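Please view the sequence and the structure before reading on.

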Amino acid sequence: MALPKSARGTAEMIPLPEEVRSVIARLEETGAQAWAVGGCVRDSLLGRTPKDYDVTTSLRPAQVAALFAHVVPSGQRYGTVTVLLDGRPVEVTTFREEGEYRDARHPSRVAFTASLEADLARRDFTVNAMAYHPARGLADPFGGRADLAAGLLRAVGEPAARFAEDALRILRAYRFAAQLDFRLDAPLRAAARECAPRLGQVSAERKCAELKRLLTSPRPDWVWVLAEEIGPVCGLPAPAETQPAGERTGARGTWPAENAFPIRMAWALWGLGATAETAQAALRALRCSNQEIRQTVLLLRLLESPAPADTIEAKRLLRRAGPAGAAAYCALLEHVRPAQAGPVRALLDAVLRSDEPYQLSMLALRGDALAPWVPAQERGAALEALLEHVLHHPQDNTQAALLRLLRARAKEDSQ
């Protein structure tokens, strides 16, 4: 295929790994075309190290598989096989065109083609629709390189048509804007709002994956734009009609430096005016893991509660959240109520340095030691009572002292 001169670049622009160069060379020994394509080209041109490399070729999947000793049929229905060279995977996909999308996610048919440009034309955004060859240079028929230089995300062709084909591309647009710190092209942004209802046909797991990537990106503030422009169809609660005054209104100004998903999601939900209960419902609907839901909801509950003001309250917070959760809470508190963050952190640090008990596993008495004194069905409550005592009297956290407390309790119960 002869691309227009403006779409061709100079050779050796991108240093491809040896295994990718080897795959391209082996494919082209047959007289076929083969190019590195997509995200690896985009990231390389941005000066980033790609996470993985994809190759596109005019050969059919069975022809590709016949050329290599170790091949995994990872997606032959869509023309993809994974070649393993020295244990390193390279995905190889046949040039293809796609038929009508009937479920807002998958094409009704895939047709192989001999045209690289036809293959690039089916892709979502111009910055992802570039291919690179070690000798021929850059194939860029839709102006992706110029959009990279301009910091602009633009659809290949008509954006509404791209979103109608695959509604997940709507979320991908906001996610790429956050990851790359790009602007959204005005027609693309308008089409995203227009086509947003089609996200209802996309699985919760897919939406959750895109939100995680957005929230843990360098520009998580794009979540506010996402929530306001396309509402709950993206999986987030709609912004509260009446935002709480003060601290929640100001939550949109800054973001915690920590980019763990529960911390970033808690901050996003807090800024949207969500309560712990509405957040829990949203996260369940998104099919987040139970651990992610617990951690995120706990952080919101802690923010909704008064900050600990003494050592006992600090111990109770540590029991609920653990050291890591308490640190995450402090990171959020610095943005919500900064005057309280320092004293709270000092209280927590003092407890942790002291080794004073704050959870059941730190008691000097195990559950089986209660057997002579407490019926099996009451042992949990007995341990809770012992922990409550040592929260106030940490010097009593010895086996002898705890047994004396148990004997005294048993004597009182028998009278």
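## Serine 217

In this predicted model, serine 217 counts as buried because its relative accessibility is 6%, and the cut-off for buried is under 20%. Serine 217 is found in the loop between α9, which covers 204–215, and α10, which covers 222–230.

## Surroundings of serine 217

The side chain of serine 217 has a polar atom 3.2 Å from the backbone nitrogen of arginine 219. A polar atom of the serine 217 side chain also lies 3.5 Å from the backbone oxygen of alanine 178.

Leaving aside residues up to four places away in sequence, serine 217 touches Ala178, Gln179 and Arg264.

Three helices each supply at least two residues of its lining: α11 (261–271), α13 (290–304) and α14 (311–336). The largest share, five residues, comes from α14.

## Lining residues

The lining of the second largest pocket includes Ala260, Pro262, Ile263, Gln295, Leu298 and Leu299. Arg320, Ala321, Ala324, Gly325 and Ala328 also line the second largest pocket.

By residue class, the lining of this pocket divides into eight nonpolar residues, two polar and one charged. The charged class takes in Arg, and Arg320 is one of the lining residues.

Terms used. Residues numbered from 1 in each chain as written. Predicted model: local features only at pLDDT ≥ 70, side-chain atom pairs only at ≥ 80, totals over all residues. Heavy atoms only, no water. 1 Å grid on protein atoms, 1.4 Å probe; cavity = no way out; pocket = protein on both sides within 12 Å on 5 of 7 lines; lining within 4 Å. Helix = DSSP H or I, 4+ residues; strand = E, 2+ residues; numbered from the N terminus. Buried < 20%, exposed > 50% of the residue type's maximum accessible area, 1.4 Å probe, protein only. Polar contact = N/O pair within 3.5 Å; in protein donor to acceptor, adjacent residues only side chain to side chain. Contact = heavy atoms within 4.5 Å.
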